[in-house]
Amino acid sequence: MSKRKTIIMPCSGIGKVHGLIAREATYAAADMANAETLCLALLVSGDKDARAKIKDADCIAIDGCPKLCAAKNVEMAGGRVVKSVRVVDSFRGHRGAEPGTATALADDGWKIVREIAADIACGLGKSEVK
Amino acid sequence: MKRVVLPCNGLDKAFGVLSCELALKLCETNGAQIVCPVLLNNSPARYEKTLAESDLLVIDGCPTRCASKLANNLGLKVDDKILVSEQAKSSGLEIGDSLRPDPVGMQLVDMMINDLAARESDISTQELIPGDFESPVDFLSVTHDKFIFKIPSQGYLFSENDTWVRVIGSRARVGVTDFVQQNLTDITYFEPAQAGSQIEQFDEVGSLESGKSMTDVLSPVSGRIIAVNIRLADSPELVNEDPYGNGWIAEIELADFDSDKELLLDAQSYSRIVEKKAAEVQK
Ligand code: SF4
């Protein structure tokens with residue numbers, strides 16, 4: 001198994017429920033898999049330490065929409081994206097779901113958060129999902 | 001004018017999370033529009049129209065100031081700025097490390113919303129007051145080696161800390177002298193003080209940063225800060241170009257100018273201090 005550290009990064013989808021799901025899923029997955037997170041804005045603003053950090057890590061990008069801001073920016077900064085998750089795709093299995101709003105998730109939104117986080121944690125060999 | 005907010009949207013720092021909360025709350029309560037920092041970086045054209053038609057508020061979580069850097073890189077005109085960690089410090093609120101905003105964090109967010117509202121009314125009051133703060137035309141010069149330091153010969157008073165003050169009625173404009181700007185060389189960053197706050201003589205009224213060093217600007221007078229030069233957020237080089245005019249730092253509603261004056265110098269006396277300092281810098 002890779003000795004590289006894992007960094008999970010969501011897009012900055014602030015102001016949209018998909019973005020909030022990406023952010024919450026990042027926190028949940030990082031908790032379950034004991035992985036790190038990093039401010040995407042820090043990376044985008046060209047911070048040297050942030051760039052150095054992702055160079056030595058396997059990055060998992062969680063994006064709210066198909067624009068894939070997180071995945072693209074991690075790659076542009078020289079990072080290796082080992083898994084790219086799109087929140088919109090998770091809605092396919094939840095037709096008619098009511099996820100909540102950009103500021104507060106409803107039950108359906110949290111359900112999707114847990115699914116994304118569990119999927120990531122399992123992929124990292126942390127299957128004993130809380 | 002409509003307001004748009006550019007938050008750093010930090011994720012792994014408590015102050016970054018609060019910057020995000022503040023942006024969301026401003027949207028909900030004041031109808032502000034959020035600019036996503038990453039999308040802005042990738043496709044600035046997308047926000048071109050919105051930014052041209054609105055006042056831009058930049059919110060940074062911590063002193064890394066990601067959002068400010070981004071705005072600066074893209075050459076955006078910044079109308080106001082907030083640094084959440086600084087706000088926490090000045091309000092005395094203890095913000096822990098938790099990435100879930102707790103009641104204290106939300107109290108800080110509410111305080112910042114109130115401060116912003118107060119700041120807005122300060123700035124509009126300032127626009128209504130007529131005042132003549134044009135750049136000076138007559139100067140004394142102090143020459144040292146290959147350097148020439150200019151000092152306005154009339155209408156300005158100076159502190160030993162190399163700041164100037166120009167008074168009109170009960171208002172004063174303050175800034176740094178030519179000596180400071182030449183010593184700092186190219187100024188790249190300006191951090192304003194909080195508009196609306198009350199300061200004593202020689203309290204901090206902003207800070208300037210260049211590749212060479214950083215300097216706190218100490219106000220030569222006491223009073224209430226009624227305006228900060230927000231143009232410097234975008235164009236800090238104005239301090240280099242016109243330190244006594246367009247590069248002003250703040251406007252103060254004077255509290256006790258008569259006693260402040262006792263510690264201030266006229267152009268002649270200040271020029272002697274500059275001579276000495278220039279000789280020391282040279283050593
Ligand atoms: S300013 Fe600080 S909190 Fe905000 S994105 Fe940058 S590093 Fe994170």
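1. In this predicted model, the rule finds one salt bridge across the interface of chain B and chain A; a salt bridge is a side-chain nitrogen of Lys or Arg within 4 Å of a carboxyl oxygen of Asp or Glu. The partners are Glu24(A) and Arg100(B), with 2.6 Å from N to O.

2. On the chain B side, α1 (14–30), α2 (37–42) and α4 (66–73) each supply at least two of the residues that touch chain A. Helices (H or I, at least four residues) and strands (E, at least two) are DSSP runs, numbered from the N terminus. The chain B residues touching chain A comprise 15 nonpolar, six polar and six charged; Ala, Val, Leu, Ile, Met, Phe, Trp, Tyr, Cys and Pro count as nonpolar, Asp, Glu, Lys and Arg as charged, the others, Gly among them, as polar.

3. The contact (heavy atoms within 4.5 Å) draws 27 residues from chain B and 24 residues from chain A. About 2,200 Å² is buried between the two chains, 63% of it on carbon and sulfur atoms; this is the accessible area (1.4 Å probe) that two parts lose on being put together, summed over both.

4. Chain A has six helices and four strands, in the order β-α-β-α-α-β-α-β-α-α from the N terminus. Of its 130 residues, 51% are buried, meaning under 20% relative accessible area (1.4 Å probe, protein chains only).

5. On conventions: residues are numbered from 1 along each chain as its sequence is written, and chains are lettered from A in the order in which they are written. Local features need pLDDT of at least 70 and side-chain atom pairs 80 or more, while totals for chains, interfaces and linings use all residues; side-chain values use heavy atoms, without hydrogens and water.

Technical notes
Buried means under 20% relative accessible area, exposed over 50%, partly exposed in between (1.4 Å probe, protein chains only).
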